[in-house]
Amino acid sequence: MFRLGTRGSPLALTQAGMVRDALMAAHGWEDVEIVVIRTTGDRVQDRALAEIGGKALWTKELDRALLAGEVDACVHSMKDVETLRPDAIAIAATLPRADVRDRLIGAESIAGLPDAAVIGTSSPRRTAQLRRLRPDVSAVLFRGNVDTRLGKLATGEVDATLLAAAGLERLGRHDTGVAIPLDVMLPAPAQGAVGIETLAEGPARALVAAIDDAPTHRAIAAERALLAGLRADCHSPVAALAIVEGGALFLRAQLLSPDGAAAIEGEARGDDPVTLGAMLAEDLLERAPPAIRVLFG
Ligand SMILES: NCc1[nH]cc(CCC(=O)O)c1CC(=O)O
C-alpha cells in the first residue's frame, strides 16, 4: 500500500486525507496508508518558530522518513517548507490552492481594532504588516494549532489574532473571522498550498504527479524562487503571491522592516516561475532601504 507521511495536527491530518482521496481517485486504489510522524515543531510550542530553528523543525523528521524509505510521499503545508530542499527530494505535486488570504479573528477589520490592541501572532510578516497599518497595536507570541489559538482568543489573552483562511476552511471553520483583502495584507509565500514531496528518483514521483494542479505548482514555484533570491529565512517579513493570468504568471511581493516602519512592494510578469521569482527578488533588494536590506542575505 502507498504510504503517506504527515504531521499529526488536525490540519495536517485533514490535508493528508485530501491527498489520500485524490491519489485513490486518480489511480483507482482501494486505500492509502497515513503514517503520522511527530516533528520537533509539534513538540516545542512555547517559542517562536524563527527562534528555535525555523521551518526545518517541521520537515526534518518527515524528510528522514522519506529518505529512509519508511514512507512513499510526505504531505506539507508548502508555507512551512524551507526554500532549500535536499537534492534527493522533489515537490511532486500540489493540490489546487485554497483561499490564500489571512483572516482576522476578534475584530471586524484592522482599522476596527481597539486602540493599542494586543494581537496574538508569531509571524514576523503578519506583525510587520499589522504594525505598518496600525502602529499602536502590539503583537504577542502565539503558537499552537488552530484550536489552541482560538481558545486563547476566547479566554481574552489577546484582542485578536490572524490565521490563514485556508487552514480555517479545511478545518470546517468557514465562519471564523473576516477575510482581509489582498491589497491590505498580502499572504505568506505558498500560503494555502498543500504540497506532496517524494524522492526525486523512483516510482512514487510520477504516481503523485498525477494529482498535480499545474497553476498552483507554478505559482508556488515563483513565490519560492523569490524567497531563494532574497535569501530569506523565517525571520524575514516577506509577503508574496503569484497568480496565473491568461497563461502567464503575475507575481507581487512586499518586504517590510520588523516594526513595519519601512516597506517596499514590487510586481513582475513572466512565464518561467524560477526566472520571475529571481528577477523580482533582485529588483526588491536593489530598491530596499537599509532597514529592510539588513534582513536579507
Ligand atoms: N504556520 C502554520 C501554518 N501553516 C499552514 C497554515 C495554514 C494553511 C496554509 O496556509 O496552507 C498555518 C496556520 C496559519 O498560518 O494560520
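Visitor: Is R231 buried, partly exposed or exposed, and what decides this?

Guide: A residue is buried if 20 or more other C-beta atoms lie within 10 Å of its own, exposed if 12 or fewer, and partly exposed in between, with C-beta atoms placed from the backbone. R231 is partly exposed because 14 other C-beta atoms lie within 10 Å. Please note that this is a predicted model, in which local features need pLDDT of at least 70 and side-chain atom pairs count only at pLDDT 80 or more, while totals for chains, interfaces and linings use all residues. Residues are numbered from 1 along each chain as its sequence is written.

Visitor: Where does R231 lie, and what is its phi?

Guide: Most residues other than glycine have a negative phi. R231, although not a glycine, has a positive phi of about 50°. R231 is placed in the loop between α9 (214-230) and β11 (238-245); helices (H or I, at least four residues) and strands (E, at least two) are DSSP runs, numbered from the N terminus.

Visitor: What can be said of A116?

Guide: A116 is a residue other than glycine with a positive phi, near 55°. It is found in the loop between β5 and β6. A116 is exposed, because 10 other C-beta atoms lie within 10 Å.

Visitor: In what order do the strands of the five-stranded sheet stand, and which are at its edges?

Guide: Two strands pair if DSSP finds at least two bridges between them. The open sheet has the order β7-β6-β8-β5-β9, with mixed pairing. β7 (138-140) and β9 (178-179) stand at the edges with a single partner strand each, so one side of each has no neighbour in the sheet. β6 (residues 118-120) pairs with β7 in the parallel sense over three bridges, and V118 stands opposite S138 in β7.

Visitor: How is the length of helix α1 checked, and which of its residues are buried?

Guide: The expected span of a helix is 1.5 Å times one less than its number of residues. For the 18 residues of α1 (residues 10-27) this should be 26 Å, which agrees with the 26 Å between its end C-alpha atoms. In α1, A12, Q15, A16, V19, A22 and L23 are buried. These residues cover an arc of only 120° around the axis, taken from the directions from the helix axis to the C-beta atoms, which puts them on the same side of α1. The face turned away from that buried side carries the exposed residues D21 and A25.
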